[in-house]
Amino acid sequence: MLVYFSEVFKGHVPPYRHPEAPDRLDFLIEGAREAGADIKEPRMREDVWQLVESVHDRSYVELVRRLCRKGDVQIDGDTYVSAGTCDAAALAVSAVVDAVDRKETALVAARPPGHHAGFAGRALSAPSQGFCIFNTAAIGALYVGEGAAVVDIDVHHGNGTQEILYDRDLLYISTHQHPLTLYPGTGYPEEVGVGRGEGYNVNVPLPPRTGDDLYAKAVDEVVVPVLKQYGPRLIIISLGWDAHREDPLADMNLTLKSYLYVFDAVLRLQKPTIFLLEGGYNRGVIKRGTKALVRLVDAGEFAPGESQTSTDGHTAKRYEEVMREVKSHVGRYWRL
Ligand SMILES: [Zn+2]
């Protein structure tokens with residue numbers, strides 16, 4: 001499996017202790033190397049700032065570039081900019097676009113993450129940009145154009161991606177911890193898109209403590225049927241490892257089994273699939289997960305190395321309620 005990585009991605013450096021720090025990539029690359037991945041240094045594209053401005057407001061892009069020249073500043077309480085942030089974020093965009101051009105399955109091991117970044121930074125009603133600078137997934141999807149699908153499995157809803165794609169007929173599907181219980185507070189089933197985009201925005205919020213058993217059910221009953229009917233040309237997976245039960249920032253009860261389950265379901269569509277790193281703050285999970293992902297892609301090996309979790313009764317009841325809502329909204333546009 002091709003893995004795009006550069007030391008430049010580690011040049012986005014927090015001014016203080018922060019969960020989204022450069023060492024996340026050391027663990028990722030360790031896992032990728034152990035699985036025998038083919039690690040490739042991405043090249044900066046000459047048109048990268050045009051690509052960034054295909055999605056973001058020019059004044060926002062200028063603000064970020066000004067902050068990079070200053071270095072070590074905060075955009076908001078959660079999100080920082082250092083001297084190396086602009087190069088890192090622009091190289092992330094270059095890597096995704098290169099992966100799209102190659103039309104083969106790849107992992108883009110880049111940071112800063114992007115799925116909370118909207119047109120002009122903070123997206124929808126979120127209190128912050130949630131560690132994100134440019135929305136790499138949305139830039140990639142717009143670059144693909146017709147037939148692009150973004151599957152967002154980060155534990156947080158990708159409010160930035162939703163905002164950018166909301167009126168376009170490009171598919172966005174997100175599974176995430178329920179917005180009543182976690183940042184950014186968006187991602188309800190009734191948010192289905194507008195205009196040409198109506199029906200193309202699919203939110204599957206899951207109650208905290210959902211286990212592997214019910215995550216697989218949501219994948220089978222919503223994610224896979226919608227993807228199959230949409231018929232994607234290329235899929236971008238916004239890959240956050242923070243839905244794992246050991247993640248310090250969220251409350252799900254998933255293991256790597258859920259990750260491999262959804263990866264496998266998407267890979268079975270046999271379309272180029274670009275895995276793009278978003279969140280995930282437990283370093284061991286990042287390493288083990290990346291290793292398992294590369295082995296799945298390269299050898300078809302389904303080896304999560306963790307035993308399946310099941311959902312407790314109270315959570316399962318809440319899950320059924322939410323899924324009824326999901327099916328009533330999403331079912332207006334897709335056969336579920
Ligand atoms: Zn996240």
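A salt bridge is a side-chain nitrogen of Lys or Arg within 4 Å of a carboxyl oxygen of Asp or Glu, and the structure shown here, which is a predicted model, holds 21 salt bridges.

**View 1. A salt bridge joins the side chains of Arg111 and Glu20.** The N to O distance in this pair is 2.6 Å. Arg111 belongs to the loop between β5 and β6, whereas Glu20 belongs to the loop between β1 (2–4) and α1 (23–34), so the contact ties together parts of the chain that are 91 residues apart in sequence. Arg111 is buried, with a relative accessible area of 0%, and Glu20 is likewise buried, with a value of 0%.

**View 2. The peptide bond that leads from Arg111 to Pro112 is cis.** Its omega is near 0°, and Pro112 is placed in the loop between β5 (106–108) and β6 (117–118). Most peptide bonds are trans.

**View 3. A disulfide joins Cys68 to Cys86.** The structure holds 1 disulfide, in which the distance from S to S is 2.1 Å. The pair links distant parts of the chain, with Cys68 in helix α3 and Cys86 in helix α4 (residues 85–102), 18 residues apart. The torsion about the S-S bond of Cys68 and Cys86 is about 90°, so this disulfide is right-handed. Both Cys68 and Cys86 are buried. Another cysteine, Cys132, has its sulfur 15 Å from the closest cysteine sulfur, which is that of Cys68, and this is too far for a bond, since a disulfide needs a pair of cysteine sulfur atoms within 2.5 Å. Cys132 is buried too, with a relative accessibility of 1%.

**View 4. Arg65, Arg66, Arg69 and Lys70 gather in a patch of positive charge on the surface.** One of these residues, Arg66, lies in helix α3, which spans residues 58–70. The relative accessible area of Arg66 is 46%, and Arg66 is therefore described as partly exposed, a term that covers values between the 20% below which a residue is buried and the 50% above which a residue is exposed.

**View 5. Asp72 and Phe131 each have a positive phi although neither is a glycine.** Most residues other than glycine have a negative phi. For Asp72 the angle is near 50°, and the residue sits in the loop between α3 and β3 (73–74). For Phe131 the angle is about 75°, and the residue is found in the loop between β7 (121–122) and α5 (136–144). Are these two residues buried or exposed? Asp72 counts as exposed, at 53% relative accessibility, whereas Phe131 is buried, with a relative accessible area of 13%.

**View 6. Tyr319 and Arg209 are 110 residues apart in sequence.** In space, the C-alpha to C-alpha distance between Tyr319 and Arg209 is 10.0 Å. Tyr319 lies in helix α10, which covers residues 313–330, and with a relative accessibility of 1% Tyr319 counts as buried.

Terms used:
Residues numbered from 1 in each chain as written. Predicted model: local features only at pLDDT ≥ 70, side-chain atom pairs only at ≥ 80, totals over all residues. Heavy atoms only, no water. Patch = residues over 30% accessible without salt bridge, like charges linked within 9 Å, V, L, I, M, F, W, Y side chains within 5 Å. Areas by Shrake-Rupley, 256 points an atom, 1.4 Å probe, with all protein chains shown as cover. Lys, Arg positive; Asp, Glu negative; His and termini not counted. Charge placed at Lys NZ, Arg CZ, Asp CG, Glu CD. Helix = DSSP H or I, 4+ residues; strand = E, 2+ residues; numbered from the N terminus. Buried < 20%, exposed > 50% of the residue type's maximum accessible area, 1.4 Å probe, protein only.
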